[in-house]
Amino acid sequence: MDLGSSLFNARKKTGLSQEEVAEKLGVSRQTISKWETNETLADIRQSKRLAVLYRLSLDELIDFDVDVKEIEAVIERTSDETQKKIDWTKMWAKKYPVLSEYPQQVQTDAYTAPLRELLDRLKQEHGYCDLDAFLVLKDILAKLYQ
């Protein structure tokens, strides 16, 4: 996605018109239009002001993806109680079938003890609760994949 589209989508997501953004930034509506159509670029100060106005970091504004932001918002609004009802493995298995296939192929007991030792070590050395230790271990494993 190009910068103009990111600016347009971020503005639309906040429900502001070009006129309202222009007024808040002290520029013309045409300037906002030119930024959103990639005819011109906002300078760094105006870009920062846009990010603040749209409640985004500058990095988020540059790479604004309305679909990602909507998914993030849904997750943030979903209560813990509702999240516990979701079978996340089943959901992710739709995208990554290995998640539903591996239990028939992998002897998971062989991996449980070494992973338990790592979790216990994280808890002991850093004072993490079970969930936090699990999340840290998940991130460590994910870094091996990168």
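The legends below describe the whole chain and several close-up views of a predicted model. Residues are numbered from 1 along each chain as its sequence is written, and side-chain values use heavy atoms, with hydrogens and water left out. Local features need pLDDT of at least 70 and side-chain atom pairs count only at pLDDT 80 or more, while totals for chains, interfaces and linings use all residues.

**Figure 1. Overview of the protein, with 11 helices and 0 strands.** From the N terminus on, the order of elements is α-α-α-α-α-α-α-α-α-α-α. Helices (H or I, at least four residues) and strands (E, at least two) are DSSP runs, numbered from the N terminus. Along the principal axes, the C-alpha atoms fill a box of roughly 65 × 35 × 30 Å. The radius of gyration is 22 Å, whereas a compact globule of 146 residues would have one near 15 Å. This radius is taken over C-alpha atoms, and the globule rule is 2.2 Å times the number of residues to the power 0.38. Of the 146 residues, 21% are buried. Buried means under 20% relative accessible area, exposed means over 50%, and partly exposed lies in between (1.4 Å probe, protein chains only). The accessible surface is about 11300 Å², and carbon and sulfur atoms hold 54% of it. Accessible areas come from the Shrake-Rupley method with a 1.4 Å probe; for residues, only the protein chains shown count as cover. Among contacts with a separation of 6 or more, 43% join residues 24 or more positions apart; contact means heavy atoms within 4.5 Å.

**Figure 2. The aromatic pair of W92 and Y96.** A search of the whole structure finds 1 aromatic pair. W92 and Y96 form this pair, which is stacked, with 6.0 Å centre to centre and 25° between the planes. Rings of Phe, Tyr and Trp (its six-membered ring) pair if their centres lie within 6.5 Å; planes under 30 degrees apart count as stacked, over 60 as edge-to-face and the rest as tilted. W92 lies in helix α8 and is partly exposed at 45% relative accessibility. Y96 is partly exposed too, with a relative accessible area of 42%.

**Figure 3. A nonpolar patch on the surface.** The patch is formed by W88, M91, W92, Y96, V98, Y102, V106, Y111, L115, L118, L141 and L144, which together have about 1200 Å² of accessible area. At least two of its residues come from each of α8 (88-95), α9 (98-105), α10 (109-126) and α11 (130-145). Patches are made of residues with over 30% relative accessible area and no salt bridge: like charges are joined within 9 Å, nonpolar side chains (Val, Leu, Ile, Met, Phe, Trp, Tyr) within 5 Å.

**Figure 4. Salt bridge between R29 and E19.** The structure as a whole has 7 salt bridges. A salt bridge is a side-chain nitrogen of Lys or Arg within 4 Å of a carboxyl oxygen of Asp or Glu. For R29 and E19 the N to O distance is 3.9 Å. R29 lies in helix α3 (residues 29-36) and E19 in helix α2 (residues 18-25), so the pair ties together parts that are 10 residues apart in sequence. R29 is partly exposed, with a relative accessible area of 30%, and E19 is partly exposed at 48%.

**Figure 5. Salt bridges of D120 with R116 and of K138 with D139.** The closest N and O atoms of D120 and R116 are 3.5 Å apart. Both residues lie in helix α10, 4 residues apart, about one turn of the helix. D120 is partly exposed at 35% relative accessible area, as is R116 at 42%. In the bridge of K138 and D139, the N to O distance is 2.8 Å. K138 is partly exposed, with a relative accessible area of 40%, and D139 is partly exposed at 39%. Salt bridges that share partners join R116, D120, K123 and D130 into one network.

**Figure 6. F64 in the loop between α5 (58-62) and α6 (66-77).** F64 is buried, with a relative accessible area of 3%. F64 and A10 are 54 residues apart in sequence, and their C-alpha atoms are 6.6 Å apart in space.

**Figure 7. Positive phi at N38 and R55.** N38, a residue other than glycine, has a phi near 60°. N38 lies in the loop between α3 and α4 (44-53) and is partly exposed, with a relative accessible area of 36%. R55 is not a glycine either, and its phi is about 55°. R55 lies in the loop between α4 and α5 and is exposed, with a relative accessible area of 64%.
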